[in-house]
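I opened this notebook to keep a careful record of what I looked up in one structure. Please read the entries with the model open beside them.

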Amino acid sequence: MTAYLHSLGVVCALGRGKAAVARGLLAGDQAGMRLYAKPVAGRHLPVGAVTTDLPDMAQEALHDRTRNNQLLRAAAEEIEADIQAAIARFGPTRIGVVMGTSTSGIQEATEGLARMVRQGRLPADYHYDHQALTAPASFLSDRLQLAGPSYAISTACTSGARALLSARRLLEAGVCDAVLCGGVDSLCDLTLQGFSALEATSETICNPFSINRDGINIGEAAALFLMTREPGPIALLGAGASSDAHHISAPDPQGRGAIEAMRRALENAATRAEQIQYLNLHGTATPHNDAMESHAVAALFPDGVVCSSSKPLTGHTLGAAGALEAAFCWLALSAYNPTRLVPPHLWDGRPDPALPTLRLAAAGTPLPSSGPSRMMSNSFAFGGNNVSLILGEAP
């Protein structure tokens with residue numbers, strides 16, 4: 001079944017709202033990449049930070065007052081009119097919510113616990129539910145008074161992509177007539193400290209697929225779609241998932257799970273590899289991920305495919321990344337890209353001779369003008385969890 005992505009609300013280091021994000025994405029704007037507010041293990045790390053104004057959360061219930069929910073509310077407010085129209089059309093019991101996240105409100109929770117250690121009691125603004133992984137889905141359902149299925153997915157860096165895949169299944173099964181789906185993650189000490197402990201973070205803006213790549217930058221974002229069966233201009237044409245379980249944090253060096261996810265997405269979309277006009281790479285700029293993904297892409301696209309990683313523009317937004325990068329494909333397919341350009345790949349231009357050569361998009365690279373546009377977006381996660389999505393102009 002083809003599912004249609006009618007509306008998009010988005011906020012990330014590139015800005016708030018579709019117009020601002022599309023401009024920054026296509027221009028290769030790195031202004032949102034800035035140093036984290038405090039040192040991490042003695043190092044000053046760049047992050048993809050949201051610096052635009054966000055909704056005031058003072059009137060929300062205490063357990064909902066987290067930056068994660070604040071980012072999600074910003075995305076939801078952008079498409080509020082479309083959401084309300086869907087509620088009026090289908091009713092609140094027929095609209096589901098599926099959100100991907102990996103941080104939820106863990107920053108607020110850890111700050112509260114730290115104050116308890118220092119002061120002997122929890123602060124008045126602490127609530128245990130801040131850290132619940134289901135919090136984003138519950139917040140959205142409660143705020144909109146929806147009564148359909150509502151749940152969160154937390155599969156690390158594939159969470160947001162899996163939310164779209166899961167939303168489509170709810171439509172296929174006839175459980176819902178519309179689903180709000182996407183991903184949200186906020187900057188927090190826990191993830192920065194954790195990735196630093198893995199020696200996976202870089203002290204410079206990340207450099208995907210370069211011989212000089214030395215790690216990731218963490219980012220924050222929210223991307224929210226309204227998905228239905230009703231035809232619209234942009235569709236989720238296919239999705240594929242796999243789990244190779246090679247290692248808890250390292251990918252299979254040959255990319256077998258990644259290849260399987262991409263192949264399944266192509267089959268699901270009834271699309272040949274040569275019909276994909278652009279590939280949004282997972283492209284984290286870690287030595288292992290980029291090596292694996294290079295081999296996987298070269299194996300599945302022997303004739304090459306124009307591709308780029310958007311993480312030097314936004315950081316790696318973890319549980320939001322799969323939805324955010326699907327949103328980048330959505331924007332590239334939409335009227336927000338009037339000159340039909342491909343999102344550029346920003347790096348130092350020094351390829352790793354040990355890796356297959358990829359067709360990394362330079363600034364100003366146009367989309368092919370012939371045939372309907374189809375784009376693939378890859379997401380790979382710890383534990384060998386892999387998802388590929390194919391978005392395109394609706395058939």
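The entries below go through some helices, a glycine in a strand and a few backbone angles.

**Entry 1, ground rules.** I note that this is a predicted model, in which local features need pLDDT of at least 70 and side-chain atom pairs count only at pLDDT 80 or more, while totals for chains, interfaces and linings use all residues. Residues are numbered from 1 along each chain as its sequence is written, and side-chain values use heavy atoms, with hydrogens and water left out. Helices (H or I, at least four residues) and strands (E, at least two) are DSSP runs, numbered from the N terminus.

Which residues of H3 are buried? I looked along residues 80–90 and found that Ile83, Ala86, Ile87 and Phe90 are buried, where buried means under 20% relative accessible area, exposed over 50% and partly exposed in between, with a 1.4 Å probe and protein chains only. Seen down the axis of H3, these buried residues fall within an arc of 100°, so they line one face of the helix; the arc is that of the directions from the helix axis to the C-beta atoms. On the other side of H3, I found Ala81, Ala88 and Arg89 exposed. The buried residues pack against helix H2 (67–78), strand S5 (95–100), helix H5 (135–144), strand S7 (178–185) and S8, where contact means heavy atoms within 4.5 Å. Just after H3, Gly91 has a positive phi of about 90°.

Axes are lines fitted to C-alpha atoms, for helices over the stretch in contact, and angles run from 0 to 180 degrees between N-to-C directions. From H2, Asn68, Asn69, Leu72, Arg73, Ala76 and Glu77 meet Ala135, Pro136, Phe139, Leu140 and Arg143 of H5.

Helix H8 (256–268) and helix H9 (residues 287–300) have axes that come within 9 Å and cross at roughly 40°, which makes H8 oblique to H9. H8 contributes Ala258, Ile259, Met262, Arg263 and Leu266 to the contact, and H9 contributes Met292, Ala296, Val297, Ala299 and Leu300.

Gly238 is in strand S9 (residues 234–243), and it is buried, because its relative accessible area is 0%. Leaving aside residues up to four places away in sequence, I found that Gly238 touches Arg168, Ala265, Asn268, Ala269, Ser388, Leu389 and Ile390. Gly238 and Arg374 are 136 residues apart in sequence, and 10 Å apart in space, C-alpha to C-alpha.

Most residues other than glycine have a negative phi. Phe209, although not a glycine, has a positive phi of about 70°; it sits in the loop between helix H7 (189–197) and strand S8 (221–228). Ala270 has a positive phi near 50° and is in the loop between helix H8 and strand S10 (278–280). Is Phe209 buried or exposed? Phe209 counts as buried because its relative accessibility is 4%, whereas Ala270, at 67%, counts as exposed.

Key. Parallel < 35°, antiparallel > 145°, perpendicular 65-115°, else oblique.
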